[in-house]
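Open the model in your viewer and keep the selection tool at hand. This tour goes from stop to stop.

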Amino acid sequence: MVNRNVVRSLEAEFQAINSHWEEVNLPLLEGRDDTDDNLTLGNLDMLFSQIADTQLNLERMLNIPFVQGIKENVLNLSARLEQIARILDEWLVFQSTPAEW
C-alpha cells in the first residue's frame, strides 16, 4: 500500500515536471529582422534556473528506490534538459559574437 502511494506520487510529480517543460517557450527578443533564420534570445537566467531546479528534482527522484517504473523517462528528461542547456549556452556565445560576414 505504501509502495503504491509512493509510486503514484513519483509518477504524478514526474508528469507535472514533464508537462511544465512541454509548455516552456524560449524568450526571444522582438526585432525588425526576425525570421526563422535570425532569432535573438532574450534573458535566459530564469530558464537556466528552472533547468537547474528540475535537474535537482530529477536527481532526487532517481535516488528513490520506487522510481524503477519511470526511471527511463526521468533519465531521458534529464538528458534532454542538459542538452538544451548546452545548446542555449552555445547560442548565447554565438549571439554575443559580432558578425564578420
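Select Thr 54. With a relative accessibility of 9%, Thr 54 counts as buried, because the cut-off for buried is under 20%. This is a predicted model. Thr 54 sits in helix α2, which spans residues 45-62.

Now show the neighbours of Thr 54. Leaving out residues up to four places away in sequence, Thr 54 touches Ile 17, Trp 21 and Leu 81. Keep Trp 21 and Leu 81 selected: both also line the second largest pocket.

Next, display that pocket. How much space lies in the second largest pocket? About 190 Å³. Colour the lining by class: ten residues are nonpolar, one is polar and one is charged. Then colour by helix. Helix α3, residues 71-96, gives the largest share of the lining, with seven residues.

Last stop: Glu 13. Find Glu 13 in helix α1, residues 2-23. Is Glu 13 buried, exposed or partly exposed? Its relative accessible area is 25%, so Glu 13 is partly exposed, between the cut-offs of 20% and 50%.

Show the contacts of Glu 13. Not counting residues up to four places away in sequence, Glu 13 touches Arg 60 and Met 61. Draw a distance between the C-alpha atoms of Glu 13 and Met 61: the value is 9.1 Å. Along the chain, Glu 13 and Met 61 are 48 residues apart.

How values were computed
Residues are numbered from 1 along each chain as its sequence is written. This is a predicted model: local features need pLDDT of at least 70, side-chain atom pairs count only at pLDDT 80 or more; totals for chains, interfaces and linings use all residues. Side-chain values use heavy atoms; hydrogens and water are left out. Helices (H or I, at least four residues) and strands (E, at least two) are DSSP runs, numbered from the N terminus. Buried means under 20% relative accessible area, exposed over 50%, partly exposed in between (1.4 Å probe, protein chains only). Contact means heavy atoms within 4.5 Å. On a 1 Å grid over the protein atoms alone, a cavity is a set of points where a 1.4 Å probe fits but cannot get out, and a pocket is an open set with protein on both sides within 12 Å along at least five of seven lines; lining residues have an atom within 4 Å of a point. Grid points are joined across faces, edges and corners, and a volume is the space filled by probe spheres set on the points. Ala, Val, Leu, Ile, Met, Phe, Trp, Tyr, Cys and Pro count as nonpolar, Asp, Glu, Lys and Arg as charged, and the others, Gly among them, as polar.
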